[in-house]
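I opened this entry to record what I looked up on charged side chains and their partners.

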Amino acid sequence: MSCLLNDLDLEVEFRNKTYYPNGRNGPDRDNNAERVIIEGVKDGDVATITVTGYNLMQNFQHYALVATGCFGGVANQNF
């Protein structure tokens with residue numbers, strides 16, 4: 001298992017289950033591009049997407065997040 005510097009870990013919580021990227025059962029510490037696919041999403045479902053820094057050389061790391069699908073309701077309320 002390699003250990004990338006400035007690694008960002010993606011996880012999605014959906015229907016009381018945590019999904020990790022690239023078909024793994026935990027954080028992906030090998031790839032800098034990560035993807036989670038969830039089948040069977042229905043209108044009104046809520047998912048929580050979390051990005052966590054690991055092995056950062058400084059206190060922050062810029063990143064971009066892309067989510068695709070049919071969305072409605074309120075966007076991210078952290079801003």
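I looked up the accessibility of Arg29 first: the relative accessible area is 17%, so Arg29 counts as buried. I note that the model is a predicted one.

I then asked which residues pair with Arg29. Arg29 forms a salt bridge with Asp9, with the closest N and O atoms 3.0 Å apart. Because Arg29 lies in the loop between strand 2 and strand 3 and Asp9 in strand 1, this pair ties together parts that are 20 residues apart in sequence. Asp9 is buried, at a relative accessible area of 8%.

I found a salt bridge between the side chains of Asp7 and Arg29 as well, at 3.5 Å from N to O. Here Asp7 is in strand 1, and the two residues are 22 residues apart. Asp7 is buried, as is Arg29.

I checked the ring contacts of Arg29 next. Arg29 lies over the face of Tyr54, 3.4 Å from the ring centre. My search of the whole structure for aromatic pairs returned zero.

**Surroundings of Asp9**

I listed the contacts of Asp9 beyond four places in sequence; among them are Pro27, Glu34, Thr50 and Tyr54.

**Other salt bridges**

How many salt bridges does the structure hold? I recorded five. One of these joins the side chains of Arg15 and Asp45 at 2.7 Å, N to O. This pair links distant parts of the chain, 30 residues apart. Arg15 is partly exposed, with a relative accessible area of 46%, and Asp45 is partly exposed at 30%. By contrast, I noted that shared partners join Asp7, Asp9 and Arg29 into one salt-bridge network.

Notes: Residues numbered from 1 in each chain as written. Predicted model: local features only at pLDDT ≥ 70, side-chain atom pairs only at ≥ 80, totals over all residues. Heavy atoms only, no water. Phe/Tyr/Trp six-rings, centres within 6.5 Å; stacked < 30°, edge-to-face > 60°. Lys NZ or Arg CZ within 6 Å of the ring centre and 35° of its normal. Buried < 20%, exposed > 50% of the residue type's maximum accessible area, 1.4 Å probe, protein only. Contact = heavy atoms within 4.5 Å. Salt bridge = Lys/Arg side-chain N within 4 Å of Asp/Glu carboxyl O. Helix = DSSP H or I, 4+ residues; strand = E, 2+ residues; numbered from the N terminus.
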